[in-house]
Amino acid sequence: MKNRILLSVASVVLLALGACDAVKVPGINPTQPEAETPVTPSEMADILDAAEETGAPAASEAVVPEPEATGDTTDTGETPTVDRDDASVEPETDAVAGTTGDTSTATTETGEPAVDLAPKISLAEINAALCGLPVGAPPTPTVGTVAGAIQVEEPVVGAAAVNGLAATLASFPGIVKLEPRRPEADGAISSGHCGATRIAEHWFVTAAHCVDEPYEELRLIGESASLSAPTAKTTEAQLAVCHAGYAGTANGYANDIALVRLTDEEVEAIKDVPVARYGETLKPLAPANYPAADMAGWGLTSFGGQLSNDLLAANIRIMAAGPSTITVSSQSGAGPCVGDSGGPLYVTEEDGSKTMVGVLSVVEQNRTTGEFCAGDYNGRYTNLQGYEGWISSVITACEADLEACQ
């Protein structure tokens, strides 16, 4: 994020840079597959019930819509909108086949435990997969290769770019810093830099490109806007589930969404991070109803500059809202930058409450200067309203059978 006044600009001590924010490379404007109808939680339950009656494995053919190619407005100046009719709720595990709510163990006439023949749900059947790029797919650009990012070993204090604001956690409920980490052969620790948001007791949502390379741990830092403050709490997760339709740069970061799960012990360390309200908005999500939104993160304060030690925010314009993509534009040069990926986009409702509607996927170049994170430029968020059915299905399936998600 750039063009914000810092009270304290600093970076965490890390020895190497790993996978991080995706950047739309010049000349690449991929054509996205035609959007299809997303599977809803009720539809998933019907599929599972039918499979249980026949004894055959359930096969969900419905897929989550993929982002539009550009997200631009139409030739007439009208902006596409998206409507939703299902509320965002944490699903009940009883909706998954094989979990009827009766926890007693069935037995045969001989007294032996009966074999559970109820079909299990695999990740593939709900259009999900363990995170990782397909074999042969181009690697995700890193902070170092894309932006020449600088990380200092000691915090520094000073002013960065102008027109920015320090953010409070209350304005962005659920936000945490996400740092996928892995050791390198030379002994260094390679780390990515993204954001994530808590959407359920054990679950955080982020961008798939944040976790698409091999990692040993997923470090989450929460409960403080300053990463170096004594109040900042750190925990580690090992499990991340990505959308099966994600292929990185190969398909223009379509379906750029992932879910990170923490165990009871892992989530205890950051238990005070609130669960965000996400998805459904009080009005249809469109620029006419929500002309602007708020984003935040610990990303670069300028392209080629430093990652921020403090949570910074910017108010940005919503240009278009399609079935699975929200296109935004910077305001007064302030907006998302490399290192903010996976972080939330919030709209403010008429009653003053906030709803998370997006997860940062890519930032684009200034069309006039060719620079990143400078002047007037666009960004693209994965629209959570188009992925609510997928999110609910993954959480339901994994909570019912965690081994299927490992």
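Mentor: A residue is called buried here when its relative accessible area is under 20%. The model is a predicted one, and every value below is computed from it. By that cut-off Cys-131 is buried, because its relative accessibility is 17%. Its partner is Cys-242, and the two sulfur atoms of this disulfide are 2.0 Å apart. The link of Cys-131 and Cys-242 is right-handed, with 100° about the S-S bond. Cys-131 sits in the loop between E3 and helix H2 (143–147), while Cys-242 belongs to strand E11, so the bond ties together parts that are 111 residues apart in sequence. Cys-242 also falls under the cut-off, since its relative accessible area is 3%.

Strand E11 covers residues 239–243 and runs antiparallel to E12, with 4 bridges joining them. In this pairing Val-241 stands opposite Leu-259 of E12. Strand E8 (residues 203–206) is likewise joined to E12 by 4 bridges, and this pair is antiparallel too. Here Val-205 is the residue opposite Leu-259. Strand E12 itself, residues 258–261, is covered on both faces. Ala-258 and Val-260 point to one side, Leu-259 and Arg-261 to the other, and all four are buried.

Glu-125 counts as buried because its relative accessible area is 15%. A polar atom of the Glu-125 side chain lies 3.0 Å from the backbone nitrogen of Ser-122.

The structure has 4 disulfides. With the bonded cysteines counted along the chain, their pattern is 1-4, 2-3, 5-6, 7-8. Another of these bonds is formed by Cys-337 and Cys-373, whose sulfur atoms are 2.0 Å apart. The link of Cys-337 and Cys-373 is right-handed, with 90° about the S-S bond.

The angle about the S-S bond is -95°, and the link of Cys-398 and Cys-405 is left-handed. Cys-398 is buried because its relative accessible area is 0%. Cys-405 is buried as well, given its relative accessibility of 1%.

The structure holds 1 aromatic pair. Phe-172 and Tyr-346 form this pair, which is edge-to-face, with 6.0 Å centre to centre and 75° between the planes. Phe-172 is in the loop between strand E4 (165–166) and strand E5 (175–183), whereas Tyr-346 is in strand E16 (residues 344–348). The pair thus links distant parts of the chain, 174 residues apart. Both Phe-172 and Tyr-346 are buried.

Definitions and conventions
Residues are numbered from 1 along each chain as its sequence is written. This is a predicted model: local features need pLDDT of at least 70, side-chain atom pairs count only at pLDDT 80 or more; totals for chains, interfaces and linings use all residues. Side-chain values use heavy atoms; hydrogens and water are left out. Buried means under 20% relative accessible area, exposed over 50%, partly exposed in between (1.4 Å probe, protein chains only). Helices (H or I, at least four residues) and strands (E, at least two) are DSSP runs, numbered from the N terminus. Two strands pair if DSSP finds at least two bridges between them. A polar contact is a pair of N or O atoms within 3.5 Å; within protein, one must be able to donate a hydrogen and the other to accept it, and residues adjacent in sequence count only if both atoms are side-chain atoms. Rings of Phe, Tyr and Trp (its six-membered ring) pair if their centres lie within 6.5 Å; planes under 30 degrees apart count as stacked, over 60 as edge-to-face and the rest as tilted. A disulfide is a pair of cysteine sulfur atoms within 2.5 Å.
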